[in-house]
Amino acid sequence: MGRLARKGAGMAKLCTLSILLSLLVPAHTTRSPDCGGILTPSGLSYFAEVSKPYAEMVLRQDLMAPTVTDLFLDSPKPSRNQINSVKVTELSLSLIPDAGLRLSIDVDLGITPAPSTTKVMRLSILADLHVEMNPEGNLELVTSACKPTMEEMQSTEEMESKSSSSDVESEINVDKICLEVSKLLLSPNEQLMSLTAQFPITPSCQVQYLPLAAPMFSEQGITISLQTTFQVVGMAIPLPVSPVPFSMPEPVNSSPSHLTLAFSEHFYTSLFFALEMAGAFNMTIPSPLTTATMAQKITQMGSLFQEDLPVILQAVFRSSPRVVLEEGKAALKLFLTIQVGAGSPAFQSFLSMNVDMSAGLLFSVADTRMMISATVIEDIELSLAASNVGPVPAALLEELFLPTIREEVPAQMNVVLSEGVFLPHISSFTYTDVNVMIHKDYVLVPCNLKLQARTGEQTTVG
């Protein structure tokens, strides 16, 4: 009895030591994606739509604020053209395959060049944008070309119209507007930087998504490949090497969704591996059995315990969990060692068994989190590993412990998973109209974007 208890304690120390040693190994010696996303043309249109009022606000502040003079060229006399209204009539983003984006903005400026006279000038901006990766590993939206034009739309003046139009054009520093044209979108660089933030899974385990390169632009959309890293107590852990390199699935033409996220089978296996390394799945399982009731089935129990004590199960992973994705379904393979014992706080183990089991997994999405839950146990096998109470047939192990294991293991794992896992996302946006599609080796998540409502300050998701 004492020998087995000491052996169990030794296994726990060895498990702890292996975790500490693994944290010292340099993580991610190879850089390969395990997830990613495709922003479709409809998603790009939505981003342009929600950027329109933001662009109008920025231009109104820049062009109408009396204290802001740096948008007007130096002049010995004050400007006689007063801008009293700014309205963005059109803002669109279109894809330039293999290059980037084209931003087109039309702005109507209401101008009072003289008392009792008004005119509307149309400021049109055509800019080419692309995305670069900076030395820190963050993505940045960069302007590669910009062409502004100004034309008069209507005026109450009949005379000197052309000269006053040129006056306005010479007074507004369109070059400065072009230089900062990307800021007319909804804070794109702040949004891109938020993509690489760390998100908590448990108090001691965090997830982070890192872009491996600048996104690819095609007629189907903007494709980005990401590598997932996990931190345990603040240190990146080395992940199992994927047996099959993951590449983003080919985008579906004319997808109605704004965005399609993709996650490899390896992503989910790495997630459960990280949670295992964090000790999140070490379980203490209560049992309806007592030492006296077990003695009725195993006679040697009576000589080990002089009083009737509750029987407790302690489970640890003897091998890392693995996720298997098939068409339409997902399964979690678990490989446990369960110590069976009694006594609290001095736990005394009297037998241990190996448990191999498979549980179904359900995926859903709430806001920007993927909710994962283990369902019914689909397959389970128990075998005796060590015993201080003599041989115990597999059939008796199943009779005594199978109902408890079937119920408690998925339930305790679901408590750990109950907060969900943050998906790759950018601040201020959440996901709606989500559909989770499980395929062999990967999961697709088509969804729409939704800008979070602002109350006072800008709201962020995550």
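Confidence in this predicted model is lowest in helix α1 (residues 2-24), where the mean pLDDT is 42, and highest in strand β17 (residues 421-422), where it reaches 97. Across the protein the mean pLDDT is 84, and 82% of the residues reach 70 or more.

**Confidence along the chain**

- Residues 1-29 form a stretch in which pLDDT stays under 50. The model has 36 contacts for this stretch, counting those beyond four places in sequence.
- Residues 455-462 also have a pLDDT below 50. Beyond near neighbours in sequence, this second stretch has 18 contacts in the model.

**The disulfide and other cysteines**

- The model contains 1 disulfide, which joins C146 to C178 with an S to S distance of 1.9 Å.
- A disulfide is, in general, a covalent bond between the sulfur atoms of two cysteines.
- The link between C146 and C178 is left-handed, with an angle of -70° about the S-S bond.
- C146 is partly exposed, at a relative accessible area of 26%. C178, by contrast, has 9% relative accessibility and counts as buried, because the limit for buried is under 20%.
- C35 and C205 are buried as well: the relative accessible area of C35 is 1%, and the relative accessibility of C205 is 0%.

**Strand β9 and its partners**

- Strand β9 (residues 221-232) is mostly covered, with 11 of its 12 residues buried.
- Strand β1 (residues 35-39) runs antiparallel to β9, and 5 bridges join the two. Within this pairing, I38 stands opposite T223 of β9.
- Strand β7 (residues 205-211) is likewise paired with β9 in the antiparallel sense, over 7 bridges. Here Q206 stands opposite Q231 of β9.
- Strand β8 (residues 216-218) pairs with β9 over 3 bridges, again in the antiparallel sense. S218 has G221 in β9 as its bridge partner. The two strands form a hairpin, with 2 residues between them.
- Strand β10 (residues 235-236) is joined to β9 by 2 bridges, and these strands run antiparallel. Q231 of β9, which stands opposite Q206, also stands opposite A236 in β10.
- The hairpin of β9 and β10 has 2 residues between its strands, and V233 takes a positive phi near 45° in it.

**Helix α6**

- Helix α6 (residues 265-277) has 13 residues and reaches 19 Å from its first C-alpha to its last. This span is close to the 18 Å expected at 1.5 Å a residue.
- Of the 13 residues in α6, 12 are buried, so the helix is largely enclosed by the rest of the structure.
- Just after α6, G279 takes a positive phi of about 75°.

**Two further residues in strands**

- E378 is found in strand β16 (residues 369-387). E378 lies 21 residues from M357 in sequence, while their C-alpha atoms are 7.5 Å apart in space.
- Not counting residues up to four places away in sequence, E378 touches A331, S358, A359 and G360.
- F429 has its place in strand β18 (residues 429-432) and is buried, with a relative accessible area of 2%.
- F429 and D367 are 62 residues apart in sequence, and the distance between them in space is 8.9 Å, C-alpha to C-alpha.

Notes:
Residues numbered from 1 in each chain as written. Predicted model: local features only at pLDDT ≥ 70, side-chain atom pairs only at ≥ 80, totals over all residues. Heavy atoms only, no water. Disulfide = S-S within 2.5 Å. Buried < 20%, exposed > 50% of the residue type's maximum accessible area, 1.4 Å probe, protein only. Helix = DSSP H or I, 4+ residues; strand = E, 2+ residues; numbered from the N terminus. Contact = heavy atoms within 4.5 Å. pLDDT = per-residue confidence, 0-100. Pairing = 2+ DSSP bridges. Expected span 1.5 Å × (residues − 1).
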